[in-house]
Amino acid sequence: MTVINDIKNLNIIKRVKNLSADKVHLLSNVFVNFGCKWLTYMCSLITVPYLASVLGVAGFGRIFFAGSIMAYFYMMVDFGMNTPNVRQISIHRNDPNKLTEIFSSTMIIKSFLCLIAVAMLVVLVEAVPVLKQESKLYYFAILQIVAAVITLEWFFIGLE
């Protein structure tokens with residue numbers, strides 16, 4: 001009931017106007033992050049039925065089987081680094097030297113893990129006959145593993 005009264009009295013608008021610049025910046029970043037996640041889900045909601053109708057059951061199954069294999073390699077490259085890195089970035093957000101150190105070490109580790117994951121994938125595709133039949137699909141899906149390296153969401157979340 002108080003929310004309705006606040007809206008009627010425009011107290012919410014007054015509260016937003018009285019926020020500091022830092023809080024407004026944080027609030028806008030929260031909404032942008034929410035919007036990006038929502039857009040990702042909506043794109044999936046639109047494209048999955050379209051892909052299913054265009055590719056057919058067999059093609060759709062091949063694409064998602066490749067995606068499930070890539071998810072394992074993505075997790076290997078990501079290696080749970082996002083949470084501790086967000087914490088470290090947020091602790092040292094005002095120290096450019098420490099930020100550079102954290103960023104560089106994370107990118108080096110992720111790049112090294114990416115090379116290992118790509119090598120493992122190539123061996124897996126060449127060794128398993130069923131996967132070798134669709135080798136172009138798996139080699140194209142390597143981009144998903146590379147995306148695990150170049151995704152910088154953890155850095156920007158830590159800065160905020």
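**Figure 1. Asn82, a partly exposed residue with a relative accessibility of 26%.** Here buried stands for under 20% relative accessible area, exposed for over 50%, and partly exposed for the range in between (1.4 Å probe, protein chains only). The model shown is predicted: local features need pLDDT of at least 70 and side-chain atom pairs count only at pLDDT 80 or more, while totals for chains, interfaces and linings use all residues. Residues are numbered from 1 along each chain as its sequence is written, and side-chain values use heavy atoms, with hydrogens and water left out. Asn82 belongs to helix 4; helices (H or I, at least four residues) and strands (E, at least two) are DSSP runs numbered from the N terminus. Leaving aside residues up to four places away in sequence, Asn82 touches Lys110 and Trp154, where contact is taken as heavy atoms within 4.5 Å. Although Asn82 and Trp154 are 72 residues apart along the chain, their C-alpha atoms are separated by 5.5 Å.

**Figure 2. Phe79, a residue of the loop between helix 3 and helix 4 (82-91).** The phi angle of Phe79 is positive, about 50 degrees, although this residue is not a glycine. Phe79 counts as exposed because its relative accessibility is 62%.

**Figure 3. Helix 5, residues 96-127.** The end C-alpha atoms of this helix are 46 Å apart, which agrees with the 46 Å that its 32 residues should span at 1.5 Å a residue; the expected span is 1.5 Å times one less than the number of residues. The buried positions of helix 5 are Leu99, Ile102, Thr106, Met107, Lys110, Leu113, Cys114, Ala117, Leu121 and Val125. Thr106, placed in helix 5, counts as buried because its relative accessibility is 3%. The contacts of Thr106, not counting residues up to four places away in sequence, are with Met81, Asn85 and Trp154. Leu124 is also placed in helix 5, and with a relative accessible area of 31% it is partly exposed. Beyond residues up to four places away in sequence, Leu124 touches Phe73 and Leu131.

**Figure 4. The largest nonpolar core, a set of 22 residues.** Such a core consists of buried Ala, Val, Leu, Ile, Met, Phe, Trp, Tyr and Cys residues joined through side-chain atoms within 4.5 Å. Within this core, the residues that touch the most other members are Ile69, Met70, Val77, Leu121, Tyr138 and Ile145. Two or more residues of this core come from each of helix 3 (21-78), helix 5, helix 8 (142-150) and helix 9 (153-159). Helix 5 provides the largest share of the core, seven residues. Ile69 makes contact with Leu121, Leu131 and Tyr138, again not counting residues up to four places away in sequence.

**Figure 5. The largest pocket, with a volume of about 360 Å³.** A pocket is defined on a 1 Å grid over the protein atoms alone, as an open set of points where a 1.4 Å probe fits, with protein on both sides within 12 Å along at least five of seven lines; lining residues have an atom within 4 Å of a point. Grid points are joined across faces, edges and corners, and the volume is the space filled by probe spheres set on them. The lining has 14 residues, and Asn29, Asn33, Phe156, Ile157 and Glu160 lie nearest the centre of the pocket. Helix 3 and helix 9 are the elements that give two or more residues to this lining. Helix 3 gives the most, nine residues.

Figure 6. Along the sequence the pattern reads α-α-α-α-α-α-α-α-α. Of the 160 residues in the chain, 20% are buried. Among contacts between residues at least 6 apart in sequence, 74% join residues at least 24 apart. The chain exposes about 11,400 Å², of which carbon and sulfur atoms supply 72%; accessible areas come from the Shrake-Rupley method with a 1.4 Å probe, and for residues only the protein chains shown count as cover.
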